[in-house]
Amino acid sequence: MRILHTMLRVGDLDRAISFYQDVLGMRLLRRSDNEQYQYTLAFMGYDDMAHSTVLELTYNWGVNSYDLGGAFGHIAIEVDNVYAACEKIKSLGGVISREPGPVKGGTTEIAFVKDPDGYAIELIQAKED
Ligand SMILES: C[C@@H](O)C(=O)SC[C@H](NC(=O)CC[C@H](N)C(=O)O)C(=O)NCC(=O)O
Ligand code: NI
């Protein structure tokens, strides 16, 4: 077994696709409309779905915002250099919600980014070999 995807409901699909593509460097892997149940899916990721866990962005037609509640935590993405990643994300208009630095009580270098719908994305700096 393996984790296939995490599904996020988004209020504006093109806005979300642009963020994950242009700011976080993912590729749009598949997009599909469901006319009967009036929703569209967009699968985003860094490798094809057969080999990597991806994001499933779900747009319910006409639903432009959600109450994210307090339970959802974050999705984590590994980066080579969290400081450089944050500078690039800021230059592309992304919102850094937690500046890069060691995790509280630890040494792993992390940062947090908010996506356009307000979901938290954690950037974790890869450990040097
Ligand atoms: C492709 C696969 O990964 C899916 O997740 S599709 C499953 C399907 N999704 C939706 O209906 C999304 C729209 C829905 N209104 C929502 O916001 O979740 C699903 O959940 N189907 C339910 C079923 O019983 O088949
Ligand atoms: Ni799904």
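**Note on the predicted model and its annotated Glu-122**

1. Glu-122 is partly exposed because 18 other C-beta atoms lie within 10 Å. On this count a residue is buried at 20 or more other C-beta atoms within 10 Å of its own, exposed at 12 or fewer, and partly exposed in between, with C-beta atoms placed from the backbone. Of the 129 residues of the protein, 19% count as buried.

2. This is a predicted model, in which local features need pLDDT of at least 70 and side-chain atom pairs count only at pLDDT 80 or more, while totals for chains, interfaces and linings use all residues. Residues are numbered from 1 along each chain as its sequence is written, and chains are lettered from A and ligands numbered from 1 in the order in which they are written.

3. The UniProt annotation "active site", from an unreviewed entry, covers Glu-122. UniProt positions are given in the numbering used here, feature names are shortened, and annotations may be inferred rather than shown by experiment.

4. Glu-122 sits in strand E8, residues 120-125. Apart from neighbours within four places in sequence, Glu-122 has contacts with His-74, Ala-76, Ile-110 and Phe-112. A contact here is a pair of residues whose C-beta atoms, placed from the backbone, lie within 7 Å.

5. The shell around ligand 1 consists of Met-7, Arg-9, Tyr-37, Tyr-39, Leu-41, Glu-56, Thr-58 and Asn-60 (C-beta atom, placed from the backbone, within 6 Å of the molecule). Strands E1 (5-9), E3 (39-45) and E4 (54-60) are the elements that each give two or more residues to this shell. The largest share, 3 residues, comes from E4.

6. The protein has 2 helices and 8 strands, in the order β-α-β-β-β-β-α-β-β-β along the sequence. Its radius of gyration is 15 Å, close to the 14 Å that the globule rule gives for 129 residues, so the protein is as compact as a globular protein of that length. The radius is taken over C-alpha atoms, and the rule is 2.2 Å times the number of residues to the power 0.38. Helices (H or I, at least four residues) and strands (E, at least two) are DSSP runs, numbered from the N terminus.

7. On confidence, the average pLDDT of the protein is 97, and 100% of the residues score at least 70; pLDDT is the predictor's confidence in each residue, from 0 to 100. The model scores ipTM 0.95 and pTM 0.95.

Terms used: Contact = placed C-beta atoms within 7 Å.
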